[in-house]
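Here are my quick notes for you on this one. Have a look at the picture first, then read through the points.

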Amino acid sequence: MKGIMTEDKIEFWEEMKKRIKQFALRVIKLYQSLSKAGEAQEMEKQLLRSATSVAANYRAVCRTRSGRELYSKLCIVVEEAEERSSGWNFLPRLTLLNWINFNP
C-alpha cells in the first residue's frame, strides 16, 4: 500500500494503527475487570476476540497491495468494530463492570 500512498496518507494510516492498538489494549484491560459471571462469560470473550481482531485486521489493511484489497480488508475491520460495538451496548446493562478497576 505504501507504494500508492503519499506521505500524509501514510502518516494517517500509521496514526490509525497506533489508535487501534491502544483501543485493543483498553479492551483487554476492560476484559480483565469484568465479573466473569457464568452466562455473560461468552459475551465477554467475544468482546475480547473482536477487539483484538480489529487490531490484527487493521495491520493487514496496512500491508495491502491494491485499492481493491485495501477496501476488502477494511470492510473486515469495520465489521469487527461493529460487532464489538454491539457487545459493548449490553455490558453496562448487565452490570458486569467493576468501574473502580477500569480507568479508560
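1. Start with the surface. The chain exposes about 7200 Å², and 54% of that comes from carbon and sulfur atoms. Keep in mind that this is a predicted model, so treat each value as computed from that prediction.

2. How much of the chain is buried? Out of 104 residues, 31% count that way.

3. You'll find three helices and zero strands, and the order along the sequence reads α-α-α.

4. What about contacts between residues at least 6 apart in sequence? In this chain, 66% of them join residues at least 24 apart.

5. Take a look at leucine 30 as an example. You'll spot leucine 30 in helix H1, which covers residues 7–33. Its relative accessibility is 4%, so leucine 30 counts as buried, because the cut-off for buried is under 20%. Leucine 48 sits 18 residues away from leucine 30 along the chain, and the C-alpha atoms of the two are separated by 8.8 Å.

6. Next, two cysteines. Is cysteine 62 buried or exposed? With 10% relative accessibility, cysteine 62 counts as buried. Cysteine 75, on the other hand, has a relative accessible area of 33%, so it is partly exposed; that label goes to values between the 20% and 50% cut-offs.

7. Last one: disulfides. A disulfide is a covalent bond linking the sulfur atoms of two cysteines. How many turn up in a search of the whole structure? The search finds zero.

Notes:
Residues numbered from 1 in each chain as written. Predicted model: local features only at pLDDT ≥ 70, side-chain atom pairs only at ≥ 80, totals over all residues. Heavy atoms only, no water. Helix = DSSP H or I, 4+ residues; strand = E, 2+ residues; numbered from the N terminus. Buried < 20%, exposed > 50% of the residue type's maximum accessible area, 1.4 Å probe, protein only. Contact = heavy atoms within 4.5 Å. Areas by Shrake-Rupley, 256 points an atom, 1.4 Å probe, with all protein chains shown as cover. Disulfide = S-S within 2.5 Å.
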